[in-house]
Amino acid sequence: MSLFTIDPVKCKRDGICAEVCPVHIIDFSDREAVPKPVEGADEECLRCGHCMSACPHGALELGFMPLSACTPIREAFSLGFEQVDQLLRGRRSCRVYKDEIVPREILEQLIRMGRYAPSGHNRQPASWLVIHDRDEVRKLAGMTVEYLRTTLESQPEFARSLHMDSIVNGWDEGRELVFHGAPHVIIAHALKDERTAPIGCVIAQAYVELAASALGLGACWAGYFNMASLNYPPLQEALQLPEGHQNFGALMIGYPKYGYHRIPTRNEPRITWR
Ligand SMILES: Cc1cc2nc3c(=O)[nH]c(=O)nc-3n(C[C@H](O)[C@H](O)[C@H](O)COP(=O)(O)O)c2cc1C
């Protein structure tokens, strides 16, 4: 199958597809003909869909990505800067959750958005583990506390500087402060040695977190759990990630008990202009 086909009637010979292609595999040297893939294009193509997406005429269809699967961008849904401003600055880390389960379909909807985060060479490195079962979430919290407790013993100063003592004390007093009682945890994992994984997974999770707030959910990065999952073998075993994979970022998630009504201030940006 050809990498892409071009409808010669719809194509206006504007060369936009060739110009936007990140790896320059579209040959538009013959301005009278429709663009065509260069030799070896199939191996070089990033499967990013830019050529199809940028064609204003719907003339280009990729062999592996039917046009019918590519949602048109609707002008009417474009957010203004004020809406984006409120979405980004109004999002808060949620640490108080309702005692309510989030349906799997909704969590999957968020993860599906995470796929649209940028990733090096469009490699989309993240795989996802969703701990939907509350008992399992609590078990992982307990194992994280075990790790924090041993770290407090072995490196007390370091552990206290990260407030590990308060998480451990909280647990001993009956408060779960690892996931703050969130019913679910979403973990982005990938092959340890995948070059694009650390940044790709983190941006994908950031998309999930932002989309969660737009759906009325609350989320928060689970840094203590992350640290434990990388350093505490029993927790690594409990996660049962595929061979060679590691956790690159986890979010606790659920319905927030409280909303937020004002946007806190942040440090002034430290910018160097050159
Ligand atoms: C990598 C990372 C790890 C975090 N880990 C935790 C955590 O384990 N527990 C927690 O309550 N908050 C955690 N947070 C949330 C931060 O404390 C929070 O983002 C910060 O205080 C700013 O608040 P805001 O997100 O509401 O703006 C983490 C945030 C990041 C980015």
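At what angle do α6 and helix α8 (residues 164–172) pack, and how far apart are their axes?

A: Bear in mind that this is a predicted model. Here α6 and α8 pack at an angle of about 125°, with 9 Å between their axes. That angle makes α6 oblique to α8, and α6 passes α8 in a left-handed crossing. As for who meets whom, α6 brings Val 145, Leu 148, Arg 149, Thr 151 and Leu 152. On the α8 side, the residues they meet are Met 164, Asp 165, Ile 167, Val 168 and Trp 171.

Now for the core. The largest nonpolar core has 45 residues, and the members touching the most others are Val 185, Ala 222 and Leu 251. Helix α6, spanning residues 134–154, gives the most to this core, with 7 residues. Take Val 185: leaving aside neighbours within four places in sequence, its contacts include Val 137 and Leu 140, along with Ile 131, Phe 179 and Ala 222. Ala 250, Leu 251 and Met 252 are also in contact with Val 185.

Strand β6 (184–191) turns up again with another helix, as it is among the elements covering the buried residues of α5, together with β5 (127–131) and α9 (197–214). Those buried residues of α5 (residues 104–114) are Leu 107, Leu 110 and Gly 114. They sit on the same side of α5 because they cover an arc of only 55° around the axis.

Conventions:
Residues are numbered from 1 along each chain as its sequence is written. This is a predicted model: local features need pLDDT of at least 70, side-chain atom pairs count only at pLDDT 80 or more; totals for chains, interfaces and linings use all residues. A nonpolar core is a set of buried Ala, Val, Leu, Ile, Met, Phe, Trp, Tyr and Cys residues joined through C-beta atoms within 7 Å. A residue is buried if 20 or more other C-beta atoms lie within 10 Å of its own, exposed if 12 or fewer, and partly exposed in between; C-beta atoms are placed from the backbone. Helices (H or I, at least four residues) and strands (E, at least two) are DSSP runs, numbered from the N terminus. Two residues are in contact if their C-beta atoms, placed from the backbone, lie within 7 Å. The arc is that of the directions from the helix axis to the C-beta atoms. Axes are lines fitted to C-alpha atoms, for helices over the stretch in contact, and angles run from 0 to 180 degrees between N-to-C directions. Angles under 35 degrees count as roughly parallel, over 145 as roughly antiparallel, 65 to 115 as roughly perpendicular and the rest as oblique. A crossing is left-handed if the near helix is turned anticlockwise from the far one by less than a right angle, and right-handed if clockwise.
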